[in-house]
Amino acid sequence: MTPAAETQQVVSEGKQLYQQYNCTACHQIYGLGGYLGPELTTAYSDKNRGEAYMRAMLQAGGSRMPNFHFTSQQIDALIAYLKYVDTTATPIKD
Ligand code: HEC
């Protein structure tokens, strides 16, 4: 597989997990979803959140964020998906 095809595969795995675990019940992407948890569209590039913070949350949960006991591979896929979503939401700078 080419690196681009690999990325595409892991992003789509992450998207499937996002749907399967119903993250949307508590989180919004592109403004759609629940309001208990923070909006995730730009969480990856948000300097107060970012990849390390998101990983920690997916590994252990938070005070209200459930611990789903994901494998590291599942976490990688979810992060890849949320990273991808973030790139699609970044405004064009001039
Ligand atoms: C029951 C509601 C609920 C569900 C379901 C849920 N979350 Fe969360 N999530 C939260 C809350 C609330 C927080 C904020 C931290 C806290 O209060 O625990 C959070 C925080 C996060 C964060 C940290 C980033 C940030 O912006 O704070 C990420 C990443 C995240 N959730 C991803 C997910 C993913 C991916 C799923 C699905 C596998 C998911 N969550 C399912 C409630 C939920």
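I took a polar contact to be a pair of N or O atoms within 3.5 Å; within protein, one must be able to donate a hydrogen and the other to accept it, and residues adjacent in sequence count only if both atoms are side-chain atoms. I worked on a predicted model, where local features need pLDDT of at least 70 and side-chain atom pairs count only at pLDDT 80 or more, while totals for chains, interfaces and linings use all residues. Residues are numbered from 1 along each chain as its sequence is written, and side-chain values use heavy atoms, with hydrogens and water left out.

I found a polar side-chain atom of Arg49 at 2.5 Å from an oxygen atom of the ligand. On the backbone side, I noted a polar atom of Met65 at 2.9 Å from a ligand oxygen and one of Ser63 at 3.0 Å from a ligand oxygen.

Shell. I counted 21 residues around the ligand, a residue being near if one of its heavy atoms lies within 4 Å; the closest are Cys23, Cys26, His27, Arg49 and Met65.

I looked up the protein donors of the ligand's iron atom (donors being N, O and S atoms within 2.8 Å of the metal, or 3.2 Å for Na, K and Ca, with water not among the atoms, so sites may look incomplete) and found His27 (NE2) and Met65 (SD), 1.9 to 2.1 Å from the iron. I noted that this pair links distant parts of the chain, 38 residues apart, with His27 in the loop between α1 (3–20) and β1 (28–29) and Met65 in the loop between α2 and α3 (72–89); helices (H or I, at least four residues) and strands (E, at least two) are DSSP runs, numbered from the N terminus. Helix α2 (residues 50–60) gives the largest share of the ligand shell, four residues.
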